[in-house]
Amino acid sequence: MATVKRFEDLEAWKLARELVNLIYDLTDKEIFKRDYDLKNQMRSAAVSIMSNVAEGFERGSDRDFARFLFISKASCGEIRSQLYVALDRKYIAQEEFNSATEKAVITSQRISGLIKY
């Protein structure tokens with residue numbers, strides 16, 4: 001793997017950024033306005049994914065980076081769980097659920113790759 005100088009160059013961070021925007025788009029829907037807690041929790045978890053990748057990278061040590069990557073990966077799981085709530089409450093359609101879940105899984109896999117590296 002080439003030396004990465006900025007967290008913005010990490011594929012995991014780029015995917016997390018895409019996931020954040022996807023979650024914000026989903027939770028901008030009118031139906032989410034009635035469930036303020038879920039909306040905010042989903043947004044917070046999504047932002048946590050990309051923030052922890054960035055923060056861990058900026059710490060400058062492999063040990064700290066790995067610790068923050070584990071937190072980021074856990075937030076991917078949190079998002080997936082919350083997407084089930086949104087689906088079950090009929091806040092999102094099955095296709096939206098599938099797309100967001102797939103993005104979360106791919107992001108998690110990319111973070112796992114960084115942890116192993």
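Analyst: A residue is buried when its relative accessible area is under 20%, exposed when that area is over 50%, and partly exposed in between, using a 1.4 Å probe and protein chains only. The model here is predicted, so local features need pLDDT of at least 70 and side-chain atom pairs pLDDT 80 or more, while totals for chains, interfaces and linings use all residues. Residues are numbered from 1 along each chain as its sequence is written, and side-chain values use heavy atoms, with hydrogens and water left out.

User: Thanks! Why is F7 called buried?

Analyst: The relative accessible area of F7 is 17%. Buried means under 20%, so F7 is buried. W13 counts as buried too, at 10% relative accessibility.

User: What makes F7 and W13 an aromatic pair, and of which kind?

Analyst: Rings of Phe, Tyr and Trp (its six-membered ring) pair if their centres lie within 6.5 Å; planes under 30 degrees apart are stacked, over 60 edge-to-face, and the rest tilted. By this rule there are four aromatic pairs. In F7 and W13 the ring centres are 5.3 Å apart and the planes stand at 70 degrees, so this pair is edge-to-face.

User: How do you know that D9 and R6 form a salt bridge?

Analyst: A salt bridge needs a side-chain nitrogen of Lys or Arg within 4 Å of a carboxyl oxygen of Asp or Glu. The closest N and O atoms of D9 and R6 are 3.7 Å apart, so the pair meets the definition. Both partners are partly exposed, D9 at 41% and R6 at 44%. The count for this model is seven salt bridges.

User: What does the bridge between K103 and E18 tie together?

Analyst: The closest N and O atoms of K103 and E18 are 2.4 Å apart. K103 lies in helix 4 and E18 in helix 1, so the pair ties together parts that are 85 residues apart in sequence. Helices here are DSSP runs (H or I, at least four residues), as are strands (E, at least two), numbered from the N terminus. K103, at 21%, is partly exposed, and so is E18, at 40%.

User: How are D64 and R67 placed in helix 3?

Analyst: D64 and R67 are three residues apart in helix 3, about one helical turn. An α-helix has 3.6 residues a turn, so residues three or four places apart point the same way. The side chains of D64 and R67 meet in a salt bridge of 3.6 Å, N to O.

User: What surrounds S75, and why is S75 called buried?

Analyst: S75 sits in helix 3. With a relative accessible area of 6%, against a limit of under 20%, S75 is buried. Leaving out residues up to four places away in sequence, S75 touches A45, S48 and I49, where contact means heavy atoms within 4.5 Å.
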